[in-house]
Amino acid sequence: MEMEKPALLPNIKLLADGVPAAVRERGIAQNREHRLHLFLDGLLANIRLHAHPLGAPGSMLVSVPPAEGEHGGMFRLIIGDSGTPFNPLEHPLAPDLSAAIEDRQPGGIGILLARRMAGALSCRRVPGGEGAPAGNEPRLSFAHDAAPGDEALKPVLKDGLDVGSV
C-alpha cells in the first residue's frame, strides 16, 4: 500500500485511513489498529504543520511496503513529505515529562512517542530527481503484537488520558 496526497489538512484522514487494512494484511492484531491510526494521524498533522508551514505546497506519503523481507513479526511504515528538511532524530529537545502539561515547552513529544512505540526508527532526506521533489522519509517498524499504545505511552500521556481505553 502506498498513497501520496497534497499536504492539506483533509488529506491527513485519507492517508491515515488507508493504513489499518494494509497492516491487517501483515497480521497486526485488530485491537492495535486504532492506536496505529491515532499515531499516524499525529505524525501527519506534525508534517502538515511543520514541513509545509503557512500553506506551502507539497505532498505527504504513507507506505506500508510489501511483507517480503520482514523479519521477526515486524511490519514497516514509511511516512514521507516534500517539505522543509528536518530529521527529528537529530532534534536535541527532550520534553520535560515531569512538568505539568500547561508548563511544558512545545516540541519533542511526537519523536518521543515514535521512539517509544516503534521497534526501529530511522529518518533520511531523500534527494529529488526526475521531477520529484526532495523530501523527508521517516521509517518505522512495529511488531505485529506491539503496535502503538501499551505501557510505552503512559509516561507521556499521564495527564488525564487513559491510554488503555484508546
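The crossing of helices H1 and H3 is right-handed, a term used when the near helix is turned clockwise from the far one by less than a right angle. Helices (H or I, at least four residues) and strands (E, at least two) are DSSP runs numbered from the N terminus. The model is predicted: local features need pLDDT of at least 70 and side-chain atom pairs count only at pLDDT 80 or more, while totals for chains, interfaces and linings use all residues. Residues are numbered from 1 along each chain as its sequence is written, and side-chain values use heavy atoms, with hydrogens and water left out.

- Within H1 (residues 9-17), Asn-11, Ile-12, Leu-15 and Ala-16 are buried; buried means under 20% relative accessible area, exposed over 50%, and partly exposed in between (1.4 Å probe, protein chains only).
- These residues lie on the same side of H1, because they cover an arc of only 135° around the axis, taken from the directions from the helix axis to the C-beta atoms.
- Pro-10 and Lys-13, on the other side of H1, are exposed.
- The cover over the buried residues of H1 includes strand S1 (2-6), helix H2 (19-24), helix H3 (33-51) and strand S2 (59-63).

**Contact of H1 with H3**

- The axes of H1 and H3 cross at roughly 145° and come within 9 Å; axes are lines fitted to C-alpha atoms, for helices over the stretch in contact, with angles from 0 to 180 degrees between N-to-C directions.
- From H1, Leu-9, Ile-12, Leu-15, Ala-16 and Asp-17 meet His-37, Leu-40, Asp-41, Leu-44, Ala-45 and Arg-48 of H3, where contact means heavy atoms within 4.5 Å.

**Largest nonpolar core**

- Among the 28 residues of the largest nonpolar core, Leu-36, Phe-39, Leu-44, Leu-77 and Phe-142 touch the most other members; such a core is a set of buried Ala, Val, Leu, Ile, Met, Phe, Trp, Tyr and Cys residues joined through side-chain atoms within 4.5 Å.
- H3 provides the largest share of this core, seven residues.

- Ser-59, found in strand S2, is buried, with a relative accessible area of 13%.
- Leaving aside neighbours within four places in sequence, Ser-59 is in contact with Glu-4, Lys-5, Pro-6, Ala-7, His-52, Gly-80, Asp-81 and Ser-82.
- Val-126, in strand S4 (residues 120-126), counts as partly exposed at 23% relative accessibility.
- Val-126 and Glu-137 are eleven residues apart in sequence and 6.7 Å apart in space, C-alpha to C-alpha.
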